[in-house]
Amino acid sequence: MKDKLIAYDERMSRVCDYVNRHLNDTLTLETLSDVAALSKYHFHRLFKAHIGMSVINFLQLARLKRASFRLAFEKDIRIIDIAFEAGFESPEAFARAFKRTFDQSPSEFRAKPQWPEWHKRFEYQTQIEGAVQMDVNKQMDLTKQLDVKVVDFETTKVALLEHHGSPDRVLETAGRFILWRKETGLSPVKSSKTFGIPYSDPNTTEPEHFRWDVCGSIREDVPPNEYGVKTGVIPGGRCAVVRHKGSHDTLEQSIYYVYRQWLPDSGEEVRDYPCFFHYLNFIHEVDECDLLTDIYFPLK
């Protein structure tokens with residue numbers, strides 16, 4: 001029975017991935033049922049049973065998720081244009097749906113996003129232990145084609161802003177760092193590199209002990225400022241690096257692959273510095289499925 005449930009969960013997960021990759025397309029019941037390899041007469045009920053919401057609601061939530069990033073990080077895009085991109089016929093309909101979903105109007109969210117509450121809207125669960133279940137071997141099957149390389153990472157001076165506290169508030173810190181970048185021009189996003197440094201696993205660390213640094217490469221030291229941004233250094237040296245494609249929510253799959261499989265097989269050892277991320281593009285620029293992130297693992 002459990003194996004059958006897992007098989008259905010994997011089909012529904014495939015549909016969710018397809019939706020996220022085709023947010024601008026017209027997605028019909030026939031198309032999505034074909035992705036799930038299920039009869040269209042049963043698909044919509046099976047989807048709701050496993051994901052906890054209708055496929056129409058899931059699609060709208062996915063589009064509203066993208067819209068929320070546009071609102072928070074692309075201040076120059078008009079709300080009416082974000083509404084049309086999200087598939088709404090009018091900004092009024094968009095505003096109603098957005099407020100119903102996130103308890104903030106689009107303009108309120110743009111001014112001050114309530115990220116912890118926002119995160120809760122995406123905690124939909126499946127029937128098996130509350131999530132799509134995959135054992136370690138299946139996780140490795142999904143990631144076995146990852147290309148891990150050993151490179152020499154150059155010591156990089158960075159401007160950094162420390163985040164201390166719940167991972168659900170990381171985007172608040174990222175937003176402040178973006179404002180500092182725009183105001184000072186000391187680490188232009190288009191011509192500088194952007195890094196994230198998690199000092200522990202957010203899944204196993206108490207929120208009050210979690211630290212994450214958002215960084216941008218710089219040439220000059222950071223002068224005193226009201227944002228709390230300061231000068232730091234990412235040390236150079238040998239690193240294993242792997243390119244992760246897709247949502248930042250699934251970064252741990254690539255991370256665990258390196259720790260569980262590549263590292264023991266390679267004979268390499270990690271040194272005393274956390275793994276870190278180099279963000280090659282950003283969630284407000286591309287759809288979640290098109291995100292590219294290089295993950296570095298400092299080696300001895």
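This is a predicted model: local features need pLDDT of at least 70, side-chain atom pairs count only at pLDDT 80 or more; totals for chains, interfaces and linings use all residues.

User: What makes E285 partly exposed rather than buried or exposed?

Analyst: Its relative accessible area is 33%. Buried needs under 20% and exposed needs over 50%, so with 33% E285 falls in between and is called partly exposed.

User: Which residues is E285 in contact with, once its neighbours within four places in sequence are left aside?

Analyst: Those are R70, E74 and K190. Take E74: E285 and E74 are 211 residues apart along the chain, yet their C-alpha atoms are separated by 8.6 Å. For the contact itself, the test is heavy atoms within 4.5 Å, and E74 is on the list for E285.

User: And G267, why is that one called exposed?

Analyst: The cut-off is over 50%, and G267 has a relative accessible area of 63%, so the label exposed applies. G267 sits in the loop between α11 (251-266) and β7 (276-279).

User: What is the phi of D103, and where is D103?

Analyst: Phi of D103 is near 60 degrees, again positive in a residue other than glycine. D103 is in the loop between α6 and α7 (106-111). Its relative accessible area is 53%, which is over 50%, so D103 counts as exposed.

User: How do you know that the radius of gyration of the protein chain agrees with a compact globule?

Analyst: With 300 residues, the rule puts a compact globule near 19 Å, and the protein chain has 21 Å, which agrees. The C-alpha trace spans about 60 × 50 × 30 Å along its principal axes. The chain has eleven helices and eight strands, and 44% of its 300 residues count as buried.

User: What makes a set of residues a nonpolar core here, and which ones touch the most other members of the largest?

Analyst: The members have to be buried nonpolar residues joined through side-chain atoms within 4.5 Å. The largest such core has 40 residues, and V15, V19, F43, F47, F94, W115 and W118 touch the most other members. Elements giving it two or more residues include α1 (2-21), α3 (40-51) and α4 (55-73), and α4 supplies the largest share, eleven residues. In general, nonpolar side chains tend to be buried together in soluble globular proteins.

User: What does F47 touch, not counting residues up to four places away in sequence?

Analyst: Among them are M12, V15 and C16, as well as V55 and F58.

User: Which residues does the second, separate core include?

Analyst: That core has 28 residues, including F177, V258, W262 and L263.

Note on methods:
Residues are numbered from 1 along each chain as its sequence is written. Side-chain values use heavy atoms; hydrogens and water are left out. Helices (H or I, at least four residues) and strands (E, at least two) are DSSP runs, numbered from the N terminus. The radius of gyration is taken over C-alpha atoms; the globule rule is 2.2 Å times the number of residues to the power 0.38. Buried means under 20% relative accessible area, exposed over 50%, partly exposed in between (1.4 Å probe, protein chains only).
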